[in-house]
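This briefing covers strand pairing, sheet layout and helix packing in the structure shown below.

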Amino acid sequence: MIIMTTPPFLSKAEQLIRETGDRATSSRIRVFGFLLSQQSAVTHYQIESGLNDPESEEKIDRVTLYRVLDWLIEKGLAHKVISDDRIWRFRVSDHETQQHQHAHFKCSQCKKVICLENIRADIGATALPAGFHQLGTELTVKGVCADCV
């Protein structure tokens, strides 16, 4: 289920964006506010649909959306998750640590992806063979969510 962006999420988004020292543009605030309002990771299409609903006065084009999402990831405010359906999903990152080293759960029926904050996905360099360098780790638990059981 997609939750619409509400003013408290927009003000929180603006505050966190301003803390980066970069400009708090309307597009950045709207996209980040939308992500803050979601309970699970969402796709480009879900974000675009949620921000461009018929009641919305301000529309966001696809290129701007991609650029804002890339900027949010670069700043550590959001992270992206890929799954076996080859669709990127986006979720707000932990604002305190700005790290994304946790597992994800993907429902095989509704395709919802949620962050499993308590399951660390960082295996650490000590587990790798000599000469190998870790760039990142992705861990996805697949199953059926509580809504689909």
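**Strand pairing and helix packing**

Valine 81 stands opposite arginine 89 in strand 3. The model is predicted, with local features requiring pLDDT of at least 70 and side-chain atom pairs counted only at pLDDT 80 or more, while totals for chains, interfaces and linings use all residues. Residues are numbered from 1 along each chain as its sequence is written, and side-chain values use heavy atoms, with hydrogens and water left out. Helices (H or I, at least four residues) and strands (E, at least two) are DSSP runs numbered from the N terminus.

**Hairpin of strands 2 and 3**

- Five bridges pair strand 2 (residues 78-82) with strand 3 (residues 88-92) in the antiparallel sense; two strands count as paired if DSSP finds at least two bridges between them.
- The two strands, strand 2 and strand 3, form a hairpin with five residues between them.
- In the turn, arginine 86 has a positive phi of about 65 degrees.

**Sheet 1-3-2**

- Three strands make up an open sheet in the order 1-3-2, and the pairing is antiparallel.
- Strand 1 (42-43) and strand 2 are the edge strands, each pairing on one side only.
- Helix 2 packs on this sheet and touches strand 1, strand 2 and strand 3, where contact means heavy atoms within 4.5 Å.
- The direction of helix 2 makes about 85 degrees with that of strand 3; angles run from 0 to 180 degrees between N-to-C directions, and axes are lines fitted to C-alpha atoms, for helices over the stretch in contact.
- Helix 4 also packs on the sheet, touching strand 2 and strand 3, and its direction makes about 110 degrees with that of strand 2.

**Helix 2 against helix 4**

- The axes of helix 2 (residues 26-37) and helix 4 (residues 62-74) come within 10 Å and cross at roughly 70 degrees.
- Helix 2 is therefore roughly perpendicular to helix 4, a class that takes angles of 65 to 115 degrees.
- On the helix 2 side, the contact is made by Ser27, Arg28, Val31, Phe32 and Leu35.
- Helix 4 contributes Thr64, Leu65, Val68, Leu69, Trp71 and Leu72.

**Sheet 5-4-6**

- Another open sheet has three strands in the order 5-4-6, with mixed pairing.
- Its edge strands are strand 5 (113-120) and strand 6 (140-143), each of which pairs on one side only.
- Neighbouring strands of this sheet are turned by 30 degrees against each other on average, direction ignored.
- Strand 4 (residues 102-107) runs antiparallel to strand 5 and is joined to strand 5 by five bridges.
- Histidine 102 stands opposite arginine 120 in strand 5.

Definitions and conventions. Parallel < 35°, antiparallel > 145°, perpendicular 65-115°, else oblique.
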